[in-house]
Amino acid sequence: MSGAAADIAVIGMSCRFPGVDGLEGFWRLLADGGSTVGQFPDHRAPGSAYASHPDGATLKTGSYFDSIDGFDAEFFGTGPAEAAAMDPVQRLGLELAWEAVEDAGLAAGTLAGREIDVVVATAPSGYDQLRRRSGSDRDDHYAALGSSGALIANRISGLFDVRGMSFCADSGQSSSLVCLALACERIRAGAVDAAIAGGVHLITDPEAGLALANLGALSPDGRCRTFDERAAGFVRGEGGAFVVLKRLDLAEADGDHVYAVVRGWGVGSGGASSRMPDPSPEGQAAAVLAALERAGVPFDGVDYVEAHGTGTRMGDPAEIAGLREVFRRTGRARPLVIGSAKTNVGHLEPAAGLVGLVKAALCVDRGLLVPSLNFRTPNPRIPDFHRDFDVPRTPRPWPDTGGRPRRAGVSAFGMGGTNAHVILEQAPGRPARPRPGRADEGPGAARVLPWVLSARSEPALREQAARLRDLVAADASLAPADITHSLLTTRTRFAHRAVVLGAGREEALAGLGLLAAGGDAPHAVRGVTTGPAAPVVFVFPGQGSQWTGMGRRLYAESEVFRRGIDDCAEALAPWTDWSLVDVVTGAEGAAPLERIDVVQPALFAMLVSLARVWRSLGVTPDAVIGHSQGEIAAAHTAGALSLPDAARIVALRSRLLATVAGQGAMAGILLPEARVRELMGPWGARIGIAAVNGPNSTTVSGEGDAVGELVAACAARGVRARLIKSTVPGHSPLLDRFEEPMTRGLAGITPRPSAVALYSTVTGEPIDPAEMDAAYWFRNLRRTVRFEAAMRRVIEHGHGTVIEISPHPVLLVAVEETADALSAAPVVVGTLTKDDGGTGRVLASLAELHVRGLPVDWEAALAADRPRRIALPTYPFQRQRYWLTAPGEGPAPAGPAADLGSQEAVLTLVCAETAALLRAKGTPVTGAALEARPTDTFKYLGFDSSLAVGLRNRLAAAAGVRLPATVAFTHPTAQALARHLFSLLEPQEPGAAPTAREEPAPDSTGDDDLYALIDRGYV
């Protein structure tokens, strides 16, 4: 390989040190000239005897974490006992590898099954000594897995399910840079395209450093003074660093951010050129020269070297001698800038090489040289130091390179003589990609975009939201579309999910803030996936969901919807004399929706176009069901009817119905079909059953006088019944006259096979599309709409994700009631509402499905953008203490359930859940405020049918009882609902026979919304 195919890109990095949680923190530390050196916390090793040693003070000083016992075992799928048995270096290695992959912009799932190497450097942390001292090694089932250093790499390979080489290397203090060199060798040889390399170092007990103290390698004053006259050793450090490597040509093709390019590397041993553990200038020079030769660059073209720089009496002079040999061999004439991260974070021993590489890569990427600390006067054992070398004491811009890329070398030398050097080069520049201008990107922009978050737990989800909020709040230049794109393409999807839907930056920030605080945001959707989503059914209503201007916003905002309406307009043009676009957008002078021959074709076009929008978002139906005329749109969406045939059916149907406008009437009765038939007896054939929508929802149709008398008779019996605002007596005997003209007019209709299951509301059963001929469509017009029966079959056949395709939901309550009767709990969402007919409403419904596990295509929401990938906060691990021993396997016991032992407590719950729903809709109200006025009706508070069902769902989950979908209508105030809920929770007296609790008679007030559904014929 040659060129970009031979070079290796560093596309992801991670690091962690005491007080430094990631790359940005490390960069601030470096640029500010900060240090992480402190004292070993006494609580970490209470039984250690290191303090009594003469070198105790030296051992105590170092760069130490406050604790190393924390681990997010749940995230990594590890039980408590295994987590406790795992050496902390394994735990830290897992976390840093995950963060490096996230920083590379790679969703973990995209790595699964790929040939990707994992190479890691580590050294014993001393955890095994604690294991033996505690006695846990005698009966610890996981001790073998927890103590093996090699298993760090193996665990990481298992975490990502990558199938390349997986091993740990130990060459002493050069281990991690040797790992990187080996990984680069494999990539350049073509064995793999990518690799994960890292190093980790932790110190369980400072006493383990006695050997280094005895060797004279540790600094007695707790400072690493690299190349300085006061240099007397290094301080030990904890932490680690990981990088993700990839072939440069592939990284450029994928648009990855490249921190730096690895141009060359050299690894070798000093052999017998020095006596162990003395460093070998000859061996070190050989490693640098090999790296330069492999990189194909002159030493004079290297601007900076991140030195091994231990600050030891022998190490610094030897390293300078080695570099001077490279000067001599290459003819370099200009001074070399050198420094060492060990002055900032201590010596991380096996991980030190990669710590230096991460520092150098950041400097190359950002064009800034950072201070190397504790340097005042050169070591007198290094003559003429300033002639050849320059140690930066303050931040400075990278020196002018005359147009060539910035370059840096990185050295790491092992105590046993294994030396490594790597040449980094500035990433090749890419031309800026212009972003197409959008009208909605100005200060007044209000386009809704989804910010999709997820985590393995609720606390992690909240912290994820907080981190993203802080990032966005601190950088006003971040484009919302770039944030959306980056969240979608670079982050793994976990079970706990949230989608923030903000119309603009401030709204999105507010949503993130509320989500982070655990509250309900008006523009955020949360949920937990419990497994694969159930098959999807599209439900298409008939009339009743229409409203003036129902397609105006979506026609302007969605290209998919606009094309759908335009296609329907073309298909309807031969049969209509009015403008479909004018009708759906509510244009002035448009044909009125009160005309049956206008509203039915217009609704058909809306339903067809909305179904296309859902498909464009990655949601495709496994089954469809249509109510009355909605069955035409359902059949077309399933592929059983061409668009011209479907348009012909709906146009003829509506024209025929227009001839009987004003003749007859319809009414909704809240009783089962059988009971309604009994009540209809006195009127005989003058009335028929038009639709059965739910277990207790029946619609009748027929002669106007007869229907009116039936409604009056129902009222006299205390039965809810109401006339429907309809201009035609749908599905009544009055339509028998249309059989001949309809079958004649639809001659030639050709149904087609469909891969999508169709459920007929004519028969209430699945139907073969071949049966949907002209005669079938007359039966669709005339016969009873068997929506409940068809919906029952849909649910029984396992379709548990229900989407109502309509401009306003009218079937949700009927669907929920049918599901209740089957003790089923499908996920049910609408599409648009009369209050919100824009893309934001569609995305909110899409979010409801996403948070419950349905795969969706969020990227379709960015179809008009050319978004860029940006850096995002990494995963917020939720650590708990795991140390040597652990409690028994299994989850911790759940906290105490909410106290619902009194009616007052239940009222508090009802008001709290009501307030949460109202706040999510933008109404600022608290549960306490609602408790102060418990007799306000839910209708007065602003509830509609979807909020009522939402309240039912929240209360059922909180109280652990089953509640009907209409419980908020039946008990229309918080007080009434709390009284009813408490009656279901109230314990029976000991020995008392169970009492059958009946639903109380519904309150006759506050049910306008229920009647609104009756008006549309759906309840």
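An open sheet is formed by three strands in the order β17-β18-β19, with antiparallel pairing; strands here are DSSP runs of E of at least two residues, helices are runs of H or I of at least four, and both are numbered from the N terminus. Two strands are taken to pair if DSSP finds at least two bridges between them. The model is a predicted one, in which local features need pLDDT of at least 70 and side-chain atom pairs count only at pLDDT 80 or more, whereas totals for chains, interfaces and linings use all residues. Residues are numbered from 1 along each chain as its sequence is written, and side-chain values use heavy atoms, with hydrogens and water left out.

Strands β17 and β18 (residues 496-503) are joined in the antiparallel sense over eight bridges. Within this pairing, V448 has A503 of β18 as its bridge partner.

Two helices pack on the sheet. Helix α16 (residues 458-474) touches β17, β18 and β19, contact meaning heavy atoms within 4.5 Å. The direction of α16 makes about 135° with that of β17; axes are lines fitted to C-alpha atoms, for helices over the stretch in contact, and angles run from 0 to 180 degrees between N-to-C directions. Helix α31 (residues 839-850) likewise touches β17, β18 and β19, and its direction makes about 175° with that of β18.

Elsewhere, A757 lies in strand β26 (residues 757-759). Residue A757 counts as partly exposed because its relative accessibility is 31%, the category between buried (under 20% relative accessible area) and exposed (over 50%), computed with a 1.4 Å probe on protein chains only. Neighbours within four places in sequence aside, A757 contacts D622, A623 and V624.
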